[in-house]
Amino acid sequence: MSDVILAVKSLTTQFQTEQGLLTVVDDLSFELRAGETLGIVGESGCGKSVTAMSILGLLPQPYGRVSGGEILFQGQDLLKASAQQRYQLRGNRIAMIFQDPMTALNPVQTIGQQLAEVFELHRSDVAKPKVKAASIALLEKVGITEPAARLLVYPHQLSGGMRQRVMIAMALACRPDILIADEPTTALDVTIQAQILELIQSLQQETGMAVIFITHDLGVVAEMCDQVLVMYAGKAVEQTDVFTLFDFPRHPYTKGLHAAMPSISQTAKSKLLTIEGQVPPLHAMPKGCRFANRCQYVSAQCEQSPQMQWQQQHGVACWHWQEI
(Lines give C-alpha, C1' and ligand atoms only; values in the text may rest on other atoms or scores of the structure.)
Protein backbone atom coordinates (compact mmCIF):
# COMPACT_ATOMS: atom_id res chain seq x y z
CA MET A 1 0.00 0.00 0.00
CA SER A 2 1.35 3.42 -0.98
CA ASP A 3 2.14 5.85 1.81
CA VAL A 4 1.42 8.85 -0.45
CA ILE A 5 -1.11 10.98 1.40
CA LEU A 6 -1.32 13.85 -1.10
CA ALA A 7 -0.70 13.71 -4.84
CA VAL A 8 -0.87 16.88 -6.91
CA LYS A 9 -0.97 16.09 -10.62
CA SER A 10 -0.61 18.68 -13.41
CA LEU A 11 -2.17 21.42 -11.26
CA THR A 12 -2.94 24.60 -13.19
CA THR A 13 -4.35 27.64 -11.39
CA GLN A 14 -5.46 30.81 -13.17
CA PHE A 15 -6.65 34.28 -12.20
CA GLN A 16 -8.93 36.58 -14.16
CA THR A 17 -7.26 40.01 -14.27
CA GLU A 18 -7.36 43.24 -16.24
CA GLN A 19 -4.68 41.72 -18.51
CA GLY A 20 -6.91 38.69 -19.13
CA LEU A 21 -6.77 35.13 -17.80
CA LEU A 22 -3.28 34.58 -16.34
CA THR A 23 -1.72 31.28 -15.27
CA VAL A 24 -0.20 31.53 -11.79
CA VAL A 25 0.58 27.83 -11.24
CA ASP A 26 1.44 25.96 -14.42
CA ASP A 27 1.27 22.15 -14.72
CA LEU A 28 2.62 21.46 -11.22
CA SER A 29 3.00 17.91 -9.89
CA PHE A 30 4.37 16.54 -6.62
CA GLU A 31 3.69 13.91 -3.95
CA LEU A 32 3.66 14.08 -0.15
CA ARG A 33 4.07 10.99 2.01
CA ALA A 34 2.81 10.41 5.52
CA GLY A 35 5.15 11.82 8.15
CA GLU A 36 7.28 13.58 5.52
CA THR A 37 8.18 17.26 5.26
CA LEU A 38 8.11 18.74 1.77
CA GLY A 39 9.70 22.15 1.29
CA ILE A 40 8.37 24.42 -1.46
CA VAL A 41 11.04 27.02 -2.23
CA GLY A 42 11.15 30.09 -4.43
CA GLU A 43 11.05 33.86 -4.56
CA SER A 44 7.92 35.91 -4.00
CA GLY A 45 5.63 35.61 -6.98
CA CYS A 46 6.64 32.05 -7.90
CA GLY A 47 3.26 30.53 -6.98
CA LYS A 48 4.05 28.88 -3.63
CA SER A 49 1.16 30.30 -1.61
CA VAL A 50 -1.27 29.97 -4.54
CA THR A 51 -0.40 26.26 -4.65
CA ALA A 52 -1.37 25.96 -0.96
CA MET A 53 -4.58 27.94 -1.51
CA SER A 54 -5.45 25.70 -4.46
CA ILE A 55 -5.08 22.60 -2.28
CA LEU A 56 -7.28 24.05 0.44
CA GLY A 57 -9.87 25.56 -1.91
CA LEU A 58 -9.21 29.07 -0.60
CA LEU A 59 -8.56 30.88 -3.89
CA PRO A 60 -10.12 34.36 -3.98
CA GLN A 61 -13.49 34.24 -5.68
CA PRO A 62 -14.66 34.81 -8.36
CA TYR A 63 -11.21 35.64 -9.81
CA GLY A 64 -9.18 32.54 -8.97
CA ARG A 65 -9.85 29.01 -10.17
CA VAL A 66 -8.11 25.70 -10.69
CA SER A 67 -8.43 25.10 -14.43
CA GLY A 68 -6.73 21.70 -14.68
CA GLY A 69 -5.15 18.76 -12.93
CA GLU A 70 -5.95 16.68 -9.86
CA ILE A 71 -5.41 17.11 -6.11
CA LEU A 72 -5.68 13.65 -4.58
CA PHE A 73 -5.93 13.49 -0.78
CA GLN A 74 -5.81 9.84 0.30
CA GLY A 75 -7.11 8.93 -3.16
CA GLN A 76 -9.99 11.45 -3.16
CA ASP A 77 -9.85 14.19 -5.81
CA LEU A 78 -10.49 17.40 -3.88
CA LEU A 79 -11.35 19.24 -7.09
CA LYS A 80 -14.34 16.94 -7.55
CA ALA A 81 -15.44 17.11 -3.91
CA SER A 82 -18.48 19.15 -2.93
CA ALA A 83 -18.15 22.43 -1.06
CA GLN A 84 -19.36 20.69 2.11
CA GLN A 85 -16.80 17.90 1.75
CA ARG A 86 -13.96 20.40 1.29
CA TYR A 87 -15.21 22.38 4.27
CA GLN A 88 -15.06 19.26 6.43
CA LEU A 89 -11.50 18.51 5.29
CA ARG A 90 -10.17 22.06 5.54
CA GLY A 91 -8.88 22.82 9.01
CA ASN A 92 -9.74 19.29 10.09
CA ARG A 93 -7.68 16.85 7.97
CA ILE A 94 -5.59 19.54 6.22
CA ALA A 95 -4.65 22.54 8.36
CA MET A 96 -2.65 25.67 7.57
CA ILE A 97 -0.46 28.13 9.44
CA PHE A 98 -0.54 31.47 7.65
CA GLN A 99 2.37 33.82 7.13
CA ASP A 100 0.97 36.70 9.16
CA PRO A 101 -0.98 35.60 12.25
CA MET A 102 -2.12 39.16 12.91
CA THR A 103 -4.24 39.11 9.75
CA ALA A 104 -5.27 35.45 10.16
CA LEU A 105 -6.54 35.85 13.74
CA ASN A 106 -9.78 37.70 14.48
CA PRO A 107 -8.84 41.00 16.19
CA VAL A 108 -12.18 41.36 18.03
CA GLN A 109 -12.29 37.88 19.56
CA THR A 110 -10.22 36.59 22.44
CA ILE A 111 -7.80 33.72 21.93
CA GLY A 112 -10.12 31.51 23.96
CA GLN A 113 -13.11 32.32 21.74
CA GLN A 114 -11.16 31.52 18.58
CA LEU A 115 -9.87 28.22 19.92
CA ALA A 116 -13.37 27.32 21.12
CA GLU A 117 -14.70 27.97 17.61
CA VAL A 118 -12.28 25.42 16.17
CA PHE A 119 -13.55 22.77 18.59
CA GLU A 120 -17.16 23.72 17.91
CA LEU A 121 -16.79 23.45 14.13
CA HIS A 122 -14.50 20.42 13.83
CA ARG A 123 -14.26 18.51 17.13
CA SER A 124 -17.73 17.30 18.04
CA ASP A 125 -16.05 14.63 20.17
CA VAL A 126 -15.01 17.31 22.69
CA ALA A 127 -17.95 18.18 24.96
CA LYS A 128 -18.61 21.90 25.48
CA PRO A 129 -17.68 21.87 29.20
CA LYS A 130 -14.29 20.39 28.26
CA VAL A 131 -13.41 22.90 25.54
CA LYS A 132 -11.69 25.31 27.92
CA ALA A 133 -9.50 22.59 29.38
CA ALA A 134 -8.67 21.32 25.88
CA SER A 135 -7.76 24.88 24.77
CA ILE A 136 -5.47 25.33 27.77
CA ALA A 137 -3.80 22.00 27.03
CA LEU A 138 -3.18 23.06 23.41
CA LEU A 139 -1.61 26.38 24.40
CA GLU A 140 0.54 24.58 26.93
CA LYS A 141 1.66 22.09 24.26
CA VAL A 142 2.86 24.89 21.95
CA GLY A 143 4.89 26.48 24.74
CA ILE A 144 2.68 29.39 25.82
CA THR A 145 3.16 30.31 29.47
CA GLU A 146 0.15 30.94 31.72
CA PRO A 147 -2.22 29.41 29.12
CA ALA A 148 -5.39 29.95 31.15
CA ALA A 149 -4.73 33.70 31.31
CA ARG A 150 -3.90 33.85 27.59
CA LEU A 151 -7.39 32.62 26.72
CA LEU A 152 -8.75 35.98 27.87
CA VAL A 153 -6.49 38.24 25.80
CA TYR A 154 -6.84 39.55 22.24
CA PRO A 155 -4.30 38.92 19.45
CA HIS A 156 -2.84 42.44 19.59
CA GLN A 157 -1.90 41.86 23.23
CA LEU A 158 0.50 39.06 22.26
CA SER A 159 3.94 39.21 20.67
CA GLY A 160 4.50 37.97 17.11
CA GLY A 161 5.97 34.71 18.33
CA MET A 162 3.08 34.12 20.73
CA ARG A 163 0.53 34.81 17.97
CA GLN A 164 2.26 32.29 15.73
CA ARG A 165 2.12 29.71 18.53
CA VAL A 166 -1.62 30.35 18.85
CA MET A 167 -1.98 29.74 15.09
CA ILE A 168 -0.10 26.46 15.45
CA ALA A 169 -2.34 25.46 18.38
CA MET A 170 -5.46 26.18 16.29
CA ALA A 171 -4.06 24.19 13.37
CA LEU A 172 -3.25 21.21 15.60
CA ALA A 173 -6.58 21.22 17.44
CA CYS A 174 -8.07 18.80 14.91
CA ARG A 175 -5.01 16.54 14.73
CA PRO A 176 -4.59 17.05 10.96
CA ASP A 177 -3.00 14.57 8.59
CA ILE A 178 -1.30 17.43 6.72
CA LEU A 179 -0.05 20.76 8.05
CA ILE A 180 0.72 23.49 5.52
CA ALA A 181 3.07 26.12 6.97
CA ASP A 182 3.21 29.20 4.73
CA GLU A 183 6.42 31.03 5.71
CA PRO A 184 5.43 30.92 9.40
CA THR A 185 8.66 32.50 10.66
CA THR A 186 9.21 35.30 8.13
CA ALA A 187 8.24 38.17 10.46
CA LEU A 188 9.98 36.77 13.54
CA ASP A 189 13.47 37.39 14.86
CA VAL A 190 15.98 34.55 14.56
CA THR A 191 15.66 33.36 18.16
CA ILE A 192 11.86 33.03 17.99
CA GLN A 193 12.16 31.57 14.48
CA ALA A 194 14.36 28.76 15.80
CA GLN A 195 11.86 28.06 18.59
CA ILE A 196 8.92 27.88 16.15
CA LEU A 197 10.80 25.54 13.80
CA GLU A 198 11.77 23.30 16.70
CA LEU A 199 8.15 23.31 17.88
CA ILE A 200 6.81 22.23 14.48
CA GLN A 201 9.39 19.44 14.27
CA SER A 202 8.60 18.11 17.75
CA LEU A 203 4.85 18.22 17.12
CA GLN A 204 5.33 16.41 13.81
CA GLN A 205 7.30 13.65 15.53
CA GLU A 206 4.60 13.38 18.18
CA THR A 207 1.58 13.30 15.85
CA GLY A 208 3.06 11.76 12.68
CA MET A 209 1.51 14.40 10.43
CA ALA A 210 2.95 15.33 7.04
CA VAL A 211 4.12 18.93 6.57
CA ILE A 212 4.32 21.20 3.55
CA PHE A 213 6.74 23.97 4.45
CA ILE A 214 6.64 27.02 2.17
CA THR A 215 9.69 29.25 2.42
CA HIS A 216 12.25 31.32 0.52
CA ASP A 217 15.01 30.39 2.98
CA LEU A 218 17.23 27.45 2.00
CA GLY A 219 18.66 27.41 5.52
CA VAL A 220 15.21 26.53 6.85
CA VAL A 221 14.85 23.88 4.14
CA ALA A 222 18.12 22.24 5.22
CA GLU A 223 16.89 22.04 8.80
CA MET A 224 13.26 21.07 8.25
CA CYS A 225 12.68 19.18 5.01
CA ASP A 226 13.00 15.67 3.61
CA GLN A 227 12.01 16.51 0.03
CA VAL A 228 12.22 19.84 -1.82
CA LEU A 229 10.27 21.35 -4.69
CA VAL A 230 11.87 24.45 -6.22
CA MET A 231 9.37 26.72 -7.99
CA TYR A 232 10.06 29.53 -10.42
CA ALA A 233 7.45 31.64 -12.22
CA GLY A 234 4.68 29.17 -11.45
CA LYS A 235 6.51 26.02 -12.56
CA ALA A 236 8.52 23.33 -10.81
CA VAL A 237 12.15 23.62 -11.95
CA GLU A 238 13.65 20.98 -9.65
CA GLN A 239 12.37 18.26 -7.31
CA THR A 240 14.61 16.04 -5.22
CA ASP A 241 15.53 15.03 -1.67
CA VAL A 242 17.14 17.67 0.53
CA PHE A 243 20.63 16.11 0.48
CA THR A 244 20.78 15.96 -3.31
CA LEU A 245 19.49 19.52 -3.57
CA PHE A 246 22.41 20.86 -1.55
CA ASP A 247 25.10 18.50 -2.83
CA PHE A 248 24.16 18.39 -6.52
CA PRO A 249 21.83 21.26 -7.49
CA ARG A 250 20.98 20.96 -11.20
CA HIS A 251 18.91 23.95 -12.29
CA PRO A 252 20.59 27.39 -12.61
CA TYR A 253 17.87 28.93 -10.42
CA THR A 254 18.61 26.46 -7.62
CA LYS A 255 22.32 27.19 -8.01
CA GLY A 256 21.55 30.91 -7.77
CA LEU A 257 19.63 30.41 -4.53
CA HIS A 258 22.59 28.42 -3.17
CA ALA A 259 25.04 31.16 -4.10
CA ALA A 260 22.89 33.78 -2.34
CA MET A 261 23.15 31.97 1.01
CA PRO A 262 25.59 33.40 3.57
CA SER A 263 28.60 31.19 4.24
CA ILE A 264 30.84 30.88 7.31
CA SER A 265 33.81 31.22 4.96
CA GLN A 266 32.79 34.74 3.98
CA THR A 267 34.57 37.70 5.52
CA ALA A 268 32.91 40.78 6.97
CA LYS A 269 33.60 42.68 3.74
CA SER A 270 32.31 39.96 1.45
CA LYS A 271 29.27 40.76 -0.65
CA LEU A 272 26.40 38.30 -0.88
CA LEU A 273 25.75 37.15 -4.39
CA THR A 274 22.34 37.92 -5.85
CA ILE A 275 20.26 36.70 -8.77
CA GLU A 276 20.04 39.74 -11.02
CA GLY A 277 16.63 40.76 -12.35
CA GLN A 278 13.25 39.56 -11.17
CA VAL A 279 10.58 36.97 -11.78
CA PRO A 280 8.87 37.75 -15.13
CA PRO A 281 5.35 39.22 -14.82
CA LEU A 282 2.48 36.86 -15.49
CA HIS A 283 1.21 38.84 -18.46
CA ALA A 284 4.64 38.75 -20.15
CA MET A 285 5.79 35.20 -19.44
CA PRO A 286 8.39 33.99 -22.01
CA LYS A 287 7.54 30.95 -24.13
CA GLY A 288 10.78 29.07 -23.51
CA CYS A 289 12.85 28.86 -20.35
CA ARG A 290 11.35 31.33 -17.88
CA PHE A 291 14.70 31.82 -16.19
CA ALA A 292 16.61 32.64 -19.38
CA ASN A 293 16.74 36.41 -18.78
CA ARG A 294 18.50 35.84 -15.41
CA CYS A 295 20.50 32.72 -16.20
CA GLN A 296 24.27 32.89 -15.80
CA TYR A 297 24.73 30.28 -18.53
CA VAL A 298 22.84 32.16 -21.23
CA SER A 299 25.05 34.35 -23.43
CA ALA A 300 24.20 36.50 -26.41
CA GLN A 301 25.80 33.88 -28.64
CA CYS A 302 23.71 31.15 -27.05
CA GLU A 303 20.49 33.15 -27.47
CA GLN A 304 21.16 33.40 -31.20
CA SER A 305 21.81 29.68 -31.62
CA PRO A 306 19.31 27.65 -33.68
CA GLN A 307 18.78 25.32 -30.70
CA MET A 308 17.82 28.18 -28.37
CA GLN A 309 15.56 29.79 -30.96
CA TRP A 310 13.79 26.46 -31.53
CA GLN A 311 13.31 25.99 -27.78
CA GLN A 312 11.80 29.44 -27.33
CA GLN A 313 9.61 29.08 -30.40
CA HIS A 314 8.16 25.79 -29.16
CA GLY A 315 7.94 26.77 -25.50
CA VAL A 316 10.53 24.25 -24.34
CA ALA A 317 12.62 24.81 -21.21
CA CYS A 318 16.30 25.49 -21.88
CA TRP A 319 18.47 22.57 -20.76
CA HIS A 320 21.71 23.51 -22.57
CA TRP A 321 23.37 24.42 -19.24
CA GLN A 322 23.50 20.74 -18.24
CA GLU A 323 26.15 20.15 -20.90
CA ILE A 324 28.40 23.06 -19.90
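Two strands are taken to pair if DSSP finds at least two bridges between them, and the strands (E, at least two residues) and helices (H or I, at least four) are themselves DSSP runs, numbered from the N terminus. This is a predicted model, in which local features need pLDDT of at least 70 and side-chain atom pairs count only at pLDDT 80 or more, whereas totals for chains, interfaces and linings use all residues. Residues are numbered from 1 along each chain as its sequence is written, and side-chain values use heavy atoms, with hydrogens and water left out.

On these terms, an open sheet of 4 strands runs in the order E2-E1-E4-E5 with antiparallel pairing. Its edge strands, each pairing on one side only, are strand E2 (20-33) and strand E5 (76-77). Strand E4 (residues 64-73) pairs with E5 in the antiparallel sense over 2 bridges, and Gln76 in E5 is the bridge partner of Phe73. Helix H1 (residues 48-56) packs on this sheet, where it touches strand E1 (4-17), E2 and E4, and its direction makes about 110° with that of E1; contact here means heavy atoms within 4.5 Å, and the angle, on a scale from 0 to 180 degrees, is taken between N-to-C directions of axes fitted to C-alpha atoms, for helices over the stretch in contact.

The protein chain as a whole has 13 helices and 10 strands, and some of its computed totals are set out below.

| Quantity for the protein chain | Value |
|---|---|
| Residues counted as buried, of 324 residues | 46% |
| Contacts joining residues at least 24 apart, among those at least 6 apart in sequence | 66% |
| Accessible surface | about 16,700 Å² |
| Part of the accessible surface belonging to carbon and sulfur atoms | 52% |

Buried means under 20% relative accessible area, exposed over 50%, and partly exposed in between, with a 1.4 Å probe and protein chains only.

Beyond its neighbours within four places in sequence, Leu6 is in contact with residues including Phe30, Ile55, Phe73, Ile178 and Ile212.

Asp189 lies in the loop between strand E7 (178-182) and helix H8 (190-207), and counts as partly exposed because its relative accessibility is 47%. The side chain of Asp189 reaches the backbone nitrogen of Ile192 at 3.0 Å. Asp189 and Gly160, 29 residues apart in sequence, are 9.3 Å apart in space, C-alpha to C-alpha.

Terms used. A polar contact is a pair of N or O atoms within 3.5 Å; within protein, one must be able to donate a hydrogen and the other to accept it, and residues adjacent in sequence count only if both atoms are side-chain atoms. Accessible areas come from the Shrake-Rupley method with a 1.4 Å probe; for residues, only the protein chains shown count as cover.
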